[in-house]
Amino acid sequence: MSFDTSKSQAIFEKALKYIPGGVSSTNRVTSPNLVFTKSQGAYIYDAEGRRYIDYHAGFGPPILGHAHPEVNRRVAETLSQMDLVGIGVSEIEIQLAQKIVQHIPSADKVMFSNSGSEATYYALRVARAATGRQKIIKFQGCYHGWHDAVLMNIISPAEKIGKKDPGSAGMSSGVVDDTLVLPFNDVEEFTETIEAEGNQIAAVILEMIPHNIGCVLPRPEFLQALRNLTQKHGIVLIFDEVITGFRHGLGGYQGVAGVTPDLTTLGKAFANGYPLAALCGKEDLMAHCAPGGDVFFAGTYNGHPVGVAAALATIEILERPESYTHMFSLGDQMRAGLKEITARHGIEATVAGFGSVFLTYFMSGPINNYTDLLRNDVDKFVAYRRKMIERGIYKLPVNLKRNHISLSHTQADIDQTLEAANAVMKELN
Ligand SMILES: Cc1ncc(COP(=O)(O)O)c(C=O)c1O
């Protein structure tokens, strides 16, 4: 099958003249190197004019679907009244903070920023201020943004597991030294580390489900051990729910798991694709960020009316009971369908996911942490996705990436996806 990408390539060549590498975020170049010119509902359209069912979803934000009319209308109405004023507070900021306090179990107070990286940066600063300690713990496979304290040990080569694996040149070595990296879901190693060094640890930060390596579910006893031991040693527990918040339920995954952290970071889905993030948590910790408190929390665009209006509209739609029912039911059908298809073709695979998130690893289980995922057949994983793209289904053709279903996806989209998956799995075998 010929798959013309000449129009995309021509645009990309032009980008290369003015933008280093042609993109504004490191992880946006893949093969096929398509340029998209339109996004609407469950679909994205490339420069060649082809339509794709979109499961990449810009790494997760458009939970209602792209360019959702109710969200866009609320943004437009807000902008007709006010853009950025940058002094005091807006009424819609208060309404949104109230909604978050209502829904997120750990949220007594909320502050807004623009990106998830800013939110996790502030969470760690608050933890250091509150404890007077320097070190933090993160887990292999979790991503929390681009800043020095956390940009390490995400998708690491096998030889880097158990060692520091910084994600960029130019990171401060002192900051990197202060971050300890542990295996996810490993109660024993976590317990040993805390018993030995707990009095130097300011914070433990994690993705409750490490979605940056697909979907590795946490063992309930692991989450409970994190909660119990951090409490015992006066360590701030941070759940980074930038992906899971509002995607896995109105209360985030903490609402599902029934474990409440001290601080929570939110981003992505709760503003359906408009730039907005939040740090929320316990009253005493959040008080550090208040004017007059000892933590400096600021940003020209913090609480921008565009993102805030989008988030209010998005959460109101997610509050309708049928919203999660629709997405989760399509997710269940997708996972069941993929399981049946891979079994039918005798392909070694594990279909993983939760709610509206799904993916197929090309390996057998069990999968408890990143080390297990080294067994994934990367060539097959990427080849499968490239072939799906040629059939009008867009899943990011990069190892371990997850897929997202939105409220705009329909039964017909799922049926078409499974039909394509069946054909591609047959070819792959
Ligand atoms: C769990 C998690 N935390 C934080 C971030 C950083 O968010 P942003 O890219 O908005 O800075 C991401 C981004 O992918 C993420 O997945």
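Which residues of helix H1 (residues 6–18) are buried? In this predicted model, the buried residues of H1 are Ser 8, Phe 12 and Ala 15. They cover an arc of only 55 degrees around the axis, which puts them on the same side of H1. Lys 14 and Lys 17, on the other side of the helix, are exposed.

The peptide bond that joins Ser 31 and Pro 32 is cis, with omega at about 5 degrees. A cis peptide bond is also found from Gly 365 to Pro 366, where omega is near -5 degrees. Pro 366 sits in the loop between E12 and helix H12 (370–373).

As for accessibility, Ala 57 is buried, with a relative accessible area of 5%, whereas Ala 67 counts as partly exposed at 35%.

Turning to the sheets, seven strands form an open sheet with mixed pairing, in the order E4-E10-E9-E8-E7-E5-E6. Strand E4 (109–113) and strand E6 (179–182) are the edge strands, each pairing on one side only. From one strand to the next, the twist averages 20 degrees. Within this sheet, strand E8 (residues 236–241) and strand E9 (residues 263–266) run parallel and are joined by four bridges; Phe 239 stands opposite Thr 264 in E9. Helix H3 (residues 91–103) lies across E4, E9 and strand E10 (277–281), and runs at about 125 degrees to E4.

The loop between helix H4 (116–131) and strand E5 (135–139) holds Gln 134. This residue is partly exposed, with a relative accessible area of 46%. Leaving aside residues up to four places away in sequence, Gln 134 touches Arg 128, Asp 178 and Gln 200. The C-alpha atoms of Gln 134 and Lys 395 are separated by 39 Å, and the two residues are 261 apart along the chain.

Phe 190, Thr 193 and Ile 194 are buried in H6. Seen down the helix axis, the buried residues fall within an arc of 95 degrees, so they line one face of H6. These buried residues pack against E5, E6, strand E7 (201–206) and H7. On the other side of H6, Glu 188, Glu 192 and Ala 196 are exposed.

What angle do the axes of H6 and H7 make where they cross? The axes of H6 and helix H7 (residues 220–232) come within 10 Å and cross at roughly 5 degrees. Since angles under 35 degrees count as roughly parallel, H6 and H7 are therefore roughly parallel to each other. From H6, Val 187, Phe 190, Thr 191, Ile 194 and Glu 195 meet residues of H7, including Phe 222, Ala 225, Leu 226 and Leu 229. By class, this contact of H6 with H7 has seven nonpolar, two polar and three charged residues.

Another open sheet, of three strands, has the order E11-E12-E14 and antiparallel pairing. E11 and strand E14 (403–404) stand at the edges with a single partner strand each, so one side of each is left without a neighbour in the sheet. Helix H11 (residues 321–344) packs on this sheet and touches E11 and E12, its direction making about 175 degrees with that of E11.

Strand E11 (residues 350–354) is mostly covered, with five of its five residues buried. Thr 350, Ala 352 and Phe 354 point one way from E11, while Val 351 and Gly 353 point the other way. Five bridges join E11 to the antiparallel strand E12 (residues 357–361), and Gly 353 stands opposite Phe 358 in E12. The hairpin of E11 and E12 has two residues between the strands, and in this hairpin Gly 355 takes a positive phi near 55 degrees. E12 also pairs with E14 in the antiparallel sense, over two bridges, and there Phe 358 stands opposite Asn 403.

How values were computed. Residues are numbered from 1 along each chain as its sequence is written. This is a predicted model: local features need pLDDT of at least 70, side-chain atom pairs count only at pLDDT 80 or more; totals for chains, interfaces and linings use all residues. Side-chain values use heavy atoms; hydrogens and water are left out. Axes are lines fitted to C-alpha atoms, for helices over the stretch in contact, and angles run from 0 to 180 degrees between N-to-C directions. Angles under 35 degrees count as roughly parallel, over 145 as roughly antiparallel, 65 to 115 as roughly perpendicular and the rest as oblique. Contact means heavy atoms within 4.5 Å. Ala, Val, Leu, Ile, Met, Phe, Trp, Tyr, Cys and Pro count as nonpolar, Asp, Glu, Lys and Arg as charged, and the others, Gly among them, as polar. Two strands pair if DSSP finds at least two bridges between them. Buried means under 20% relative accessible area, exposed over 50%, partly exposed in between (1.4 Å probe, protein chains only). The arc is that of the directions from the helix axis to the C-beta atoms.
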